[in-house]
Each structure stands twice: as structure tokens, then as C-alpha cells.
Amino acid sequence: MPWLSKFCNIPQGGESIFLLGLVGGFPVGAQCISQTSIPEKDAQRMLGFCNNCGPAFIFGILGCFFSDKMIPLVLMIIQATTALIIAHLWPGNSQNAYYLHMKQLTISQAVQRAIHSMVTVCAWIILGNVILAFAQRWFFPFLPSLLCIALSGMLELTNGCFLLPNISSENLRFILAAGFICFGGVCVLLQIHAIMSNHSICMTSCIFQKLLQAIVGMAIATLYVRVGIASVFIAIIIAIPAKKAVEKMLALLYNGTDKGGIPHAISQTD
């Protein structure tokens with residue numbers, strides 16, 4: 001799919017990682033990146049937009065919180081659109097073609113890695129729930145309920161989504177849900193970091209990509225409430241010519257020498 005690699009500025013052959021990151025759920029994208037021969041600078045750039053919420057969660061859980069049965073499909077479309085937009089906007093210019101191959105593993109190594117990944121993900125989910133329970137006990141009673149729901153979703157996706165029914169406005173519930181799935185939560189970011197711990201990759205750009213994806217997702221969801229599915233096409237039309245402006249803004253914000261960070265990504269376009 002040459003058009004996808006060109007639009008997302010990823011190496012030809014990396015499209016499979018992008019697509020798996022859309023349909024596999026968190027943190028399948030990071031797992032694929034860690035097990036392939038993709039170059040480090042491309043791996044770091046792809047880490048943000050190649051990790052997304054899976055359709056099983058969106059259709060199986062989020063769909064229960066809305067009366068309109070089309071909302072899960074719309075949320076899935078919004079998430080895919082935001083991932084494409086971030087991939088297009090984020091600085092980088094790697095159009096090299098290469099053969100993407102998985103690292104050779106024995107059955108024993110494959111099982112060990114699978115167990116390690118499962119334990120890592122579960123451990124961070126448990127820790128996220130513990131932190132969230134502590135916050136709900138000692139801090140949330142003093143905060144507005146809407147802010148508590150937003151903070152819960154930013155910390156741990158599942159818990160935040162289960163609090164959405166406490167919001168009476170379905171439109172506001174929809175907008176927050178779009179933000180939650182596009183960001184993924186701090187717990188997911190820690191899972192990604194743990195999976196990539198054996199690689200010399202900085203998480204800074206991934207964090208800011210997910211934050212920007214959440215903002216764009218909520219903006220599209222807000223526009224969807226007004227104009228319907230046309231909001232997706234409007235967002236793409238606006239994003240295409242905005243690439244240079246975003247690159248300049250990031251260059252001003254990150255005028256440093258952090259190896260492997262955002263300045264490194266920007267330098268690839270020079």
C-alpha cells in the first residue's frame with residue numbers, strides 16, 4: 001500500500017504495523033515494532049500512532065454506553081482518522097522500502113515473551129487501578145464529577161470509560177469517549193514503555209503524539225455532533241496543508257538536542 005506509507009511518512013513495508021496497531025488493540029503496535037527489524041528512528045516515530053484501542057473494546061464495551069448503535073463505528077472511524085492525521089503531521093520523512101521480517105524465535109522464546117508481555121500489561125493495569133482507587137478515596141471527593149471522570153480516563157482507559165454513564169449528556173459522553181480511546185491513558189503509555197525497554201527509544205514524542213491525537217479526536221467528535229460524518233473529511237482536508245505549520249511549532253517547542261526525541265524526528269525532514 002504505497003499511498004499509505006507516503007501519506008504517513010513511514011517506510012514502505014511498515015503499513016502492516018500501522019494496520020495491526022489499529023485493529024489489534026493496545027499495545028499490539030509496540031509489540032510488533034519491538035519484534036521487527038524496523039530502523040530506530042522510524043520505530044520511535046511510529047510508536048505513537050501505531051498503538052490504538054482495539055475494535056473489541058470499542059464495540060463490546062463502549063457501545064453499551066450509547067443509545068445510538070452507530071456510535072462505536074463512528075468512534076472507530078474517528079480513531080483511525082486521528083491516527084492517520086498524526087502520522088501525516090508528525091515530523092519525519094522515511095520513504096525507504098525494506099523487507100519487514102520478524103526476529104527468529106524458538107517456541108520456548110516465543111512462549112516466554114508472550115508470558116512476559118502478558119504479565120507486564122497486567123501489572124501496569126493493576127498498578128493503575130491501585131493509583132486510581134487511591135485518588136478516588138482521597139482526592140476525587142473534592143473535585144467536580146466531570147473532572148474526576150476525565151482524570152480517570154486519562155489515567156486508565158477502562159475505568160474512565162465505565163464512568164461515562166454518569167454523564168447525562170450523551171453528546172458530552174461521546175466527545176470524552178473519543179478523547180479516551182485516542183489517548184489510551186497513562187497506564188497504556190507505561191505498558192508501551194515497558195515493552196520497548198530493550199530499545200534505546202525516547203517516549204517523549206509518543207506521549208505528545210497521543211495527547212495531540214486525543215485533542216484532534218475530541219475536536220472531530222465535537223464537529224460530528226454538529227455536521228455528522230462530514231467532520232471526518234473536514235479534519236483530513238484541514239490536516240493535509242497543516243503539516244509545515246505543525247513542524248515549525250514543534251521545532252520552536254523542542255529546540256534542543258535530545259537524541260532520538262522530537263528534534264531528531266524534525267531533522268529527518270531537512
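Let's start with Thr81, which touches Ile220, Val232 and Ile236, leaving aside residues up to four places away in sequence; a contact here means heavy atoms within 4.5 Å. Keep in mind that this is a predicted model, where local features need pLDDT of at least 70, side-chain atom pairs count only at pLDDT 80 or more, and totals for chains, interfaces and linings use all residues. Residues are numbered from 1 along each chain as its sequence is written, and side-chain values use heavy atoms, with hydrogens and water left out.

Thr81 sits in helix α6, residues 71-89. Helices are DSSP runs of H or I with at least four residues, strands are runs of E with at least two, and both are numbered from the N terminus. Ile167, on the other hand, is placed in the loop between α9 (157-162) and α10 (170-183).

Here is how the two residues look for burial. Buried means under 20% relative accessible area, exposed over 50%, and partly exposed in between, using a 1.4 Å probe and protein chains only.

| Residue | Relative accessibility | Class |
|---|---|---|
| Thr81 | 5% | buried |
| Ile167 | 6% | buried |

What does Ile167 touch, not counting residues up to four places away in sequence? Its contacts are Leu146, Ile149, Leu172, Arg173 and Leu176. Take Ile149: its C-alpha atom is separated from that of Ile167 by 8.8 Å, with the two residues 18 apart along the chain.

Now for the whole chain. It has 15 helices and 0 strands, and 49% of its 270 residues count as buried. Among contacts with a separation of 6 or more, 75% come from residues 24 or more positions apart.
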